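Me: I am new to this structure and would like to understand what the terms used for it rest on. Please show it, and then take me through them one by one.

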Amino acid sequence: MKGNYFLLMISVASVNIIPLISMDLPVIRILKDPSVQLYKGMEKGPMNSEWFYSGIPPHVEANELHQNRKWKEAAEKYDEVKNQYMKFYTRNGINGGWYEATREEAEYAKNMGRLNLAACLMAQRKPSEHWASFDSLLNIPQQKRISQQMIESGSLEHKIILVRTDIGGIGDIFYFMESANILKKRTGCYVVFSVRDFLKNTLLSVATAYDFGLIGESEQPPKADYETHIISLLGHLLLYPHQTAPEHVVLTAPERAMVEVAQQIDPILAQGKKLVVGCAGHKRQISLIGGKLLPKNPLKHGRYIDSAAFVQLLRKHDDLVLIDCSKDDSTSITVDGDQKNQYIKIASEDQAFDAVIALASLTNDREDICVVGADSGVANVYIRALTPEAQRRVAFIIPNGSQTTGEYDMRVEGEGDQYTHMGSNCRVYKCATPEHQTEVIEKAYQDMMSQRHHVIQ
């Protein structure tokens, strides 16, 4: 609604009426109840879906555009209001009255808006300084934060910087780990990489290759000069999405895992058969960075691949064997009873993802292995252990890729229905609807097998 609106600030002694700069913002009145919280879930920091769907101005329109993957329009709207959040905004109906946002809530909304602006720009394969809002949303003390100016001035040389990975998905750590290496190379700082305890041994090869310090989150961190989050580095370093791809493979598996997985696949390949690695993904609803839910309606199809699509792929190619990389029974691929000789489950883990990384390492040298996966944590771990050439034998499948009603993460966005992944050399295929998974996966398989030597830089 357009018109002349005013900020009405009610105090015991007087009433002040102050015109707003923008003529598109709502009237704001004070509800004298400090116990009421306008933005629910602020303790969730940057993953707060309650904020994203709160319907509180001024970010309502931008969030709706973002939800519908109108990336350019959403980015423009977020940019338009990004500096207005320091004013106080509210809506009618909370405890029967109006409510004044606290300064903490206003600052939180400002940073959430900027974070979502960054996400919409990434969907367009653009960099954004606003990823740095992640540090603010984690309440990292101002004196402990780094900035673009500090990076460019050289003042971080020889400083100890703690790079956190505690908020966000497991796949994010592997997907964006190169950003910490870029920080080290640009500044000459010493990076201490803080990871989930169960990932410490898994990421030891990365820390060794990059000369990082490596600690588990339960360990006492060293005294650091500064602190940041791996997502914020995208903004501090102003990285394009393609710059998150490592120049060389540094993620490796222990010898035990390599031997076990090789013992699984070598006899199959020796028979002249081919392997398709399946990463079906989870069926659960997830909260993305910035609070957007995938899928918004948990009853709708999310980012997972149906078992039926793999069943049909195996039925059409009797020389093909599926190796299921699912982490647990809830994500396992189910095949028909007469296909048991075309299905194996990947070897069990001794440390997190060691079998998956081992299989990826072996994939690098074998052109008769390809990968079909959802945009999931397992798949994102897998691709970081692959060479650019081997990544061309990976197909990310977006089951619900409709232009009008589709739902998927911004990191797998691209033009058309088939394109190269923004953070790797992998392929991406969109299904018009979930019912198209079988035909899209068949096409992806044919493409990977017929163009095995083709590399897109």
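Reply: Accessible areas come from the Shrake-Rupley method with a 1.4 Å probe, and for residues only the protein chains shown count as cover. By that method the accessible surface of the protein chain comes to about 19,800 Å², of which 50% belongs to carbon and sulfur atoms. This is a predicted model, in which local features need pLDDT of at least 70 and side-chain atom pairs count only at pLDDT 80 or more, while totals for chains, interfaces and linings use all residues. Residues are numbered from 1 along each chain as its sequence is written, and side-chain values use heavy atoms, with hydrogens and water left out.

Me: Why is S402 called buried?

Reply: Buried means under 20% relative accessible area, exposed means over 50%, and partly exposed lies in between, with a 1.4 Å probe and protein chains only. S402 has a relative accessible area of 14%, and therefore it counts as buried. In the protein chain, 58% of the 457 residues count as buried.

Me: What makes R69 a contact of S402?

Reply: Contact means heavy atoms within 4.5 Å. Leaving aside residues up to four places away in sequence, S402 touches R69, C431 and A432. S402 itself is found in the loop between strand 13 (394-398) and strand 14 (418-420), where strands are DSSP runs of E with at least two residues and helices are runs of H or I with at least four, numbered from the N terminus.

Me: How do you know that strand 4 pairs with strand 5?

Reply: Two strands pair if DSSP finds at least two bridges between them. Strand 4 (residues 190-195) is joined to strand 5 by 4 bridges, and therefore the two count as paired, running parallel. The open sheet has 4 strands in the order 5-4-3-6, with parallel pairing.

Me: What makes strand 5 and strand 6 edge strands?

Reply: Strand 5 (213-216) and strand 6 (226-229) each pair on one side only.

Me: What describes the packing of two helices?

Reply: Two packed helices are described by the angle between their axes and the distance between the axes. Axes are lines fitted to C-alpha atoms, for helices over the stretch in contact, and angles run from 0 to 180 degrees between N-to-C directions. The axes of helix 11 (residues 255-270) and helix 13 (residues 354-363) come within 8 Å and cross at roughly 65°. Among the residues that meet there are V261 and I265 in helix 11, and L359 and L362 in helix 13.
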